[in-house]
Amino acid sequence: MNSASVRPPRPARISRPAGAFRTAVAAVSVPMALLVPLWAAAGRVLFGIGGQLTVLLAFTLGPVLLILLLLAGVRTTATAAKYRPFAAPADTSAVLAGAWLAALGFGFTVPDFGARGGSVMSRLLGDSALGLSTALCNPLGILSLGLAIAAVVLAYRDARRTGRLLRGLPEREPQD
C-alpha cells in the first residue's frame with residue numbers, strides 16, 4: 001500500500017462552534033417548514049377572516065412555500081446532525097429565519113375578500129390598518145419566496161461542503 005494513498009480516518013462528526021440561535025434553527029427547521037406555509041395560506045381563518053383568497057393561497061403559495069421550506073429544513077437538519085454541537089451554519093440560519101419571518105408577516109398582513117374580509121393586522125389594529133396591511137403583504141410574500149429559494153440553495157451547498165469535509169477533502173473543490 002502506497003503511503004500517499006492512505007488518508008486519515010474520517011471523523012464521524014465535525015466540531016465547530018455554535019450558538020443557541022443556530023442550534024434552534026436546525027432543531028425547528030422541519031416543524032417550521034410545515035407551520036409557516038399553513039399560517040401564510042390560511043392563518044387568517046383563526047381570526048374569523050376567510051374567503052376566496054384563503055382557498056387560492058391554499059393551492060398556490062402554500063404548497064410552493066411548503067416544498068421549498070421542507071427541502072431546506074430537511075437538508076439543514078441532516079447536515080447539522082453531522083456537526084458537534086448540532087447546529088446549522090450561520091448564513092443558512094439567517095436566511096431560513098428571514099424566510100420564516102417574511103412568510104409569517106405575509107400571513108399577518110394579507111387581506112381576504114368578502115363579508116368576512118380584512119387581514120389579521122386590520123382585525124387586531126382596526127380597519128384603518130387595512131391600507132398598510134395591503135401595502136406590506138406583496139413585498140413580504142415575494143421576500144418569503146425569494147428567501148426560501150435562497151435557503152434551499154444554501155442548505156444543499158452546506159451539505160456538499162460537509163460531505164467533502166467528512167471524506168477528508170478540502171472544503172471547496174480546487175479551481176483550475
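How much of the chain over residues 86-110 is helix, how much is strand, and how far apart are the end C-alpha atoms? That stretch is 80% helix and 0% strand, with its end C-alpha atoms 36 Å apart. You are looking at a predicted model, in which local features need pLDDT of at least 70 and side-chain atom pairs count only at pLDDT 80 or more, while totals for chains, interfaces and linings use all residues. Residues are numbered from 1 along each chain as its sequence is written, and side-chain values use heavy atoms, leaving out hydrogens and water.

**Segments from the record**

- Over residues 53-74, the chain is 95% helix and 0% strand, and the end C-alpha atoms are 29 Å apart.
- Helices (H or I, at least four residues) and strands (E, at least two) are DSSP runs, numbered from the N terminus.

**Salt bridges**

- A salt bridge is a side-chain nitrogen of Lys or Arg within 4 Å of a carboxyl oxygen of Asp or Glu, and the whole structure holds 4 of them.
- As background, side chains of opposite charge can pair when their charged atoms come close.
- One of the bridges joins aspartate 112 to arginine 44, with the closest N and O atoms 3.7 Å apart.
- That pair links distant parts of the chain, 68 residues apart: aspartate 112 is in the loop between α4 (90-109) and α5 (120-125), and arginine 44 is in the loop between α1 (20-42) and α2 (52-59).
- Are these two partners buried or exposed? Aspartate 112 counts as buried because its relative accessibility is 6%, and arginine 44 is buried too, at 0%; the cut-offs are under 20% relative accessible area for buried, over 50% for exposed, and partly exposed in between (1.4 Å probe, protein chains only).
- Aspartate 158 takes part in a bridge with arginine 157 (3.1 Å, N to O) and in another with arginine 161, where the closest N and O atoms are 2.8 Å apart.
- Aspartate 158 and arginine 161 are 3 residues apart in helix α6 (residues 130-166), so about one helical turn separates them.
- Salt bridges that share partners join Asp91, Arg157, Asp158 and Arg161 into one network.
- Within this group, aspartate 158 is buried at 3% relative accessibility, arginine 161 is buried at 15%, and arginine 157 is partly exposed at 25%.

**Aromatic rings**

- The structure has 1 aromatic pair, formed by tryptophan 39 and phenylalanine 47 in an edge-to-face arrangement, 6.3 Å centre to centre with 80 degrees between the planes.
- Rings of Phe, Tyr and Trp (its six-membered ring) pair if their centres lie within 6.5 Å; planes under 30 degrees apart count as stacked, over 60 as edge-to-face and the rest as tilted.
- Phenylalanine 47 is partly exposed, with a relative accessible area of 29%.
- The charged end of arginine 16 sits over the ring of tyrosine 83, 3.5 Å from its centre; this term asks for NZ of Lys or CZ of Arg within 6 Å of the ring centre and within 35 degrees of the ring normal.

**A surface patch**

- Ile67, Leu71 and Tyr156 make up a nonpolar patch on the surface, with about 280 Å² of accessible area together.
- Patches are made of residues with over 30% relative accessible area and no salt bridge, where like charges are joined within 9 Å and nonpolar side chains (Val, Leu, Ile, Met, Phe, Trp, Tyr) within 5 Å; accessible areas come from the Shrake-Rupley method with a 1.4 Å probe, and for residues only the protein chains shown count as cover.
- Isoleucine 67 lies in helix α3 (residues 61-80) and counts as exposed, at 52% relative accessibility.

**A cis bond and a loop contact**

- Most peptide bonds are trans, but arginine 84 and proline 85 are joined by a cis peptide bond, with omega about -5 degrees.
- Proline 85 is in the loop between β2 (83-84) and α4.
- Phenylalanine 113 lies in the loop between α4 and α5 and is partly exposed, at 48% relative accessible area.
- The C-alpha atoms of phenylalanine 113 and glutamine 52 are 6.4 Å apart, although the residues are 61 apart along the chain.
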